[in-house]
Amino acid sequence: MQFPFVVAVDGPAGSGKSSVSKAVARRLGYGFLDTGAAYRALAWHAEAGGVEPEDAASVISCLASFDYRIGTDPAGYRVHVGATDVTDAIRDPQISSVVSLVARVPEVRTHLIELFRSIIAAEQRPGIVVEGRDITTVVAPDAPVRILLTASEEVRMSRRAAELTGHDAGKTGEQLRARDRADSKVVDFTNAAEGVTVVDSTELDFEQTVDAVIAVVESVSAE
Ligand SMILES: Nc1ncnc2c1ncn2[C@@H]1O[C@H](COP(=O)(O)OP(=O)(O)OP(=O)(O)O)[C@@H](O)[C@H]1O
Ligand SMILES: Nc1ccn([C@@H]2O[C@H](COP(=O)(O)O)[C@@H](O)[C@H]2O)c(=O)n1
C-alpha cells in the first residue's frame, strides 16, 4: 500500500474541501495539506513586496524569495512566509480577491506543485488528505483515493456567507462566483476526471459529508 496513503480532494470555492478534509484527516489519524494556503501566501508575499498580482513576470520573480512553510497537523497548523506567520492574513478577503491572478501563472503552478509533492512525501503519518483544485488531476493523479467534493453554487455561497459574518453576503457570493470563474479557466474542478468519485454535499450536513468522504476512503482501503 502506498505510504503515505494519499486522499486527494478537489472542488470549487465553498464546497467544504478544507473543513471536511481536515475533519476526515483527524478521524483517520492522517495529515492534512491545504494547498490553497500556498497560493494565498504567494499572493500575500507579492503584495508585501509591492508587486501587482496582475504582473505575472514580477510574481514569478517573487518565487526566489518565497520561503514558504506549512504544517500538516489537521488539529491546527500555521503558515509562514520566512519568519512571518501569515496564517490569518492569507484569509483576508483582499487576498481572496487576487489569489486567482497568482494561481493562473504556469510557472507558479509548477513551483508549488513540486512543493506540495515534497510535503506529501515527507509526511510521517500513515496517510495525508490533500485538498485544492488540481490534486486529483495534477498534483496526485495516482492517489488511491480521489474525490471531487462539490455542492450547488447557491449552497456554497450561503455557507461562505455564514462563515464570513460581518461581510456583505451579496459581495461574498459574487467574489466566490468570480473566483470559481477565474479558477475554472486554469483547472477543471467541476467535472470529475476518470477514477474520481464525486461527493455532492448540497443535501448533506457537515458530519454527513465527512462520513461520505470516509466511506469512499474505507471502500478503497478495503480492496
Ligand atoms: N456539508 C456541509 N454542511 C454545512 N456546512 C458546511 C458543509 N461543508 C462545509 N461547510 C461549511 O462551509 C464553509 C466553507 O467550507 P470550507 O472553507 O471548508 O470550503 P472550501 O471548499 O475549503 O472553500 P475555499 O476553497 O474557498 O477555501 C465552512 O464554514 C464549513 O464549515
Ligand atoms: N490546488 C490549488 C489550490 C488553490 N488554488 C488557488 O488558490 C485559491 C485559494 O484556494 P482556497 O482553497 O484557499 O480557497 C483558489 O481560488 C485557486 O485560485 C489553485 O489554483 N490550486
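**Close-up views of a predicted model**

View 1. At 45% relative accessibility, arginine 181 counts as partly exposed; the label covers the range between buried (under 20% relative accessible area) and exposed (over 50%), using a 1.4 Å probe and protein chains only. The model is predicted, so local features need pLDDT of at least 70 and side-chain atom pairs count only at pLDDT 80 or more, while totals for chains, interfaces and linings use all residues. Residues are numbered from 1 along each chain as its sequence is written, chains are lettered from A and ligands numbered from 1 in the order in which they are written, and side-chain values use heavy atoms, leaving out hydrogens and water. Who does arginine 181 meet in a salt bridge? That would be glutamate 174, with 3.2 Å from N to O. Salt bridge here means a side-chain nitrogen of Lys or Arg within 4 Å of a carboxyl oxygen of Asp or Glu. Glutamate 174 is partly exposed too, with a relative accessible area of 33%.

View 2. Aspartate 211 sits in helix H9 (residues 206-221) and arginine 27 in helix H1 (residues 17-28), so the bridge ties together parts that are 184 residues apart in sequence. Helices (H or I, at least four residues) and strands (E, at least two) are DSSP runs, numbered from the N terminus. Is this pair tucked in or out in the open? Something in between: aspartate 211 is partly exposed at 39% relative accessibility, and arginine 27 is partly exposed at 44%.

View 3. Aspartate 134 forms a salt bridge with arginine 109, and the closest N and O atoms are 3.0 Å apart. It links distant parts of the chain: aspartate 134 is in the loop between strand S6 (127-132) and helix H6 (135-139), while arginine 109 is in helix H5 (residues 106-122), 25 residues away. Aspartate 134 has 2% relative accessibility, which makes it buried. Arginine 109 is buried as well, at 13%. Looking at the whole structure, a search turns up 13 salt bridges.

View 4. Which residues of H4 are the buried ones? They are Ile95, Ser96, Val98, Val99, Ser100, Leu101, Val102 and Ala103. Their cover includes helix H2 (36-48), helix H3 (56-62), H5 and helix H8 (169-184).

**View 5. Arginine 156 in helix H7.** Arginine 156 belongs to helix H7 (residues 153-163), and with 6% relative accessibility it counts as buried. Contact means heavy atoms within 4.5 Å. Setting aside neighbours within four places in sequence, arginine 156 is in contact with Pro12, Ala13, Gly14, Ser15, Ala151, Leu176 and Asp180. Val155, Arg156 and Met157 are buried in H7, and what covers the buried residues of this helix includes H8.

**View 6. Glycine 132 in strand S6.** You'll find glycine 132 in strand S6. Buried or exposed? Buried, at 4% relative accessibility. Apart from neighbours within four places in sequence, glycine 132 has contacts with Val9, Asp10, Gly11, Lys17 and Thr35. Cysteine 62 lies 70 residues from glycine 132 along the chain, and 22 Å separates their C-alpha atoms.

**View 7. Stepping back to the whole chain.** The chain has nine helices and eight strands. Its C-alpha trace spans about 50 × 40 × 30 Å along the principal axes. Of the 223 residues, 48% count as buried. Among contacts between residues at least 6 apart in sequence, 77% join residues at least 24 apart.
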